[in-house]
Amino acid sequence: MIRIILLVLSSLIYTQITAQDDNLFNVNTIPLELRIKSNAVVRSDYTHINVIDYDKFVFTNKRIITVLNKEGDYKIGAFQHYDDNIKIQDLEVRIYNSLGKEIKKIKKNEFKDVSAVPGGTLYSDSRVKYLEYTPINYPYTVLFETEVVYNSTAFIPSWRPIEGFYISTENAEYKISNSSDISVKVKTSNFKDYNIKRLSDYHFIAKNLKSIEPESFSPDFSTYAPFLKAALTKFEMEGVKGVNNNWVDFGLWMNNNLINGTQELPQNVKNTIKQLTATANTDMEKAKIVYEYMQNKTRYVSVQVGIGGWKPMLAEDVERLSYGDCKALTNYTQALLKEVGVASYYTIIYGDDKLIDIDKDFSATQGNHAILCLPNNNDYIWLECTSQTNPFGYTANFTDDRDALIITPEGGKIVRTKVYATEENIQKIDAEVFLDENGAILADVNIQSKGAQYGDHEGIQNKTIKEQELYYKNNFWKDLNNLEILKMAFSNDKDSIVFTEDIKVKIPNYTSKAGSRFLFQPNVFNKITMVPPRYKNRKLPFVIERGFTDLDTYRIKLSNNLHVEAKNEPVSIQNKFGSYNLNITTSNNVINYRRELILNKGSYSKEDYHEFREFLLSIKKHDNSKIVLNTKT
């Protein structure tokens, strides 16, 4: 009976939008303002979600999109995930040329069918069907229709009326029908800014939304583009029923149904970890020993099976196999800590170099990563359990400075992860430089990195010698032509979290000649060479997500045949974005170069962007300034 009802509803939806389709396949009917700075135009996108019960909903989508050029190919969106709890009922694509004539039809069994996770995943039960199509000409239009039955309701499809950069939307509609007695939660963001109409609590229409261009230093797309999230207050994830009125409820469900019963360890492991921590005097000392044991014992392997990829594998299996994904390794570490009496909390988070928060105002299945949280007085220490090299408590550049969900026996709680302050994120370069009479440089360079900048550097130690050389030549010092790497040595102090690089380099023909004079850039090793673009009418605010401090000190000894004829005056610039100080002195044929650049973390208005760019332009000018040298007569 349910199936009959669903088919009838699907038929009604199809009839509703077919009447609007007449001109949607002809490119010439796209409004001009939607074609400007767009790679693709969504002509019509109708999404209908019919909630049958806490454990079932039906997703129906009909989507017509015109691709204007090659850059728009990836925006087709003709794919559908499935697994044992997601059943594809109907799936079809039709391709139209620029005049609206149908040129190809692809049925469900003609779609490519592959694993939905990367090749590094050990095993997974998630798959995806997707359209593989090579266009003959541009523009072309794709009609994509699908109907899918979900028997796991923890994830209700969200809605993005503007789907990304350089894609505009002519018509888009999102509707939830609820024939169950389960409450549906919906949260919308930025709808007023785009004049998106709300026809009812669960029915929205968007029309004629122009494309958005990316802008340098802009905040995360979801913070300013329209976005809708939905969730059920009672749901099922592969046979496990959950309650989701708030984060406390959701956290209790995770603790009681996903984590409890997974942390039993073999007796010999219990004995080993207790022996290893027997002489530790504090909980943090114990935790460091446990963390090091886990890092030496295990390796990261992605595993995407079980309850939607959310339930960790058993701790005893991790011990036996010596591998696991983020959930498994976090859970395993928590089990080890529990054995030695150290409290910790399994934590759900968004892992990304961008700062992406768990939405504290909307409880739902969010996040893409798991880490471990250790209460420490009135603060927290965070452990990245997938890394075999991270220092204890180090999380910069992937899970730092964002809202996360910690799972406690009392329920879920949103807390902020560690913020790495500007004054912590230090890169210090000290160099002993010799400049000969032919303009060549020989230098011993010492680089010390701390805070977030530690994470930018320490990975170099794990690369091959060839990769290390290429990193310095093509990346870190890519502005130095003909750079030769003569020697490399690395030191990683994981207790103090300081990474040190000692590099010996040679740079032939570093200086340029102007008659009998040499023009010499004293800032050899840390120049700003690029600045963000200028925008005539910037539309977005901008954000500096992580501040930093760069300290550079070079002692440049000149050949006896050279002397300084003219040098730069001291420079000092200070504003809300940071500061820049430069001082060059000479003594006994030695140039002492000192530079300090501080860039402050912060969020700024679009009106501030011009001043910020001028600040960077000024730094670039002074970084690239030259000293005039002459030969002694």
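One aromatic cluster is formed by F217, Y535, F542, F577, Y604, Y609 and F612. Rings of Phe, Tyr and Trp (its six-membered ring) pair if their centres lie within 6.5 Å; planes under 30 degrees apart count as stacked, over 60 as edge-to-face and the rest as tilted. The model is predicted: local features need pLDDT of at least 70, side-chain atom pairs count only at pLDDT 80 or more, and totals for chains, interfaces and linings use all residues. Residues are numbered from 1 along each chain as its sequence is written, and side-chain values use heavy atoms, with hydrogens and water left out.

Across the whole structure, a search finds 41 aromatic pairs. One of them joins Y554 and Y593, which are stacked at 5.2 Å centre to centre with 10° between the planes. Y554 belongs to strand β32 (residues 548–558) and Y593 to strand β36 (residues 590–599), so this pair ties together parts that are 39 residues apart in sequence. Strands are DSSP runs (E, at least two residues), numbered from the N terminus. Buried means under 20% relative accessible area (1.4 Å probe, protein chains only). Y554 is buried, with a relative accessible area of 1%, and Y593 is buried, with a relative accessible area of 1%.

Charged ends also sit over rings, as the table shows. The criterion is NZ of Lys or CZ of Arg within 6 Å of the ring centre and within 35 degrees of the ring normal.

| Charged residue | Ring | Distance from ring centre |
|---|---|---|
| K185 | F362 | 5.1 Å |
| K241 | Y54 | 4.4 Å |

Conventions
Helix = DSSP H or I, 4+ residues; strand = E, 2+ residues; numbered from the N terminus. Buried < 20%, exposed > 50% of the residue type's maximum accessible area, 1.4 Å probe, protein only.
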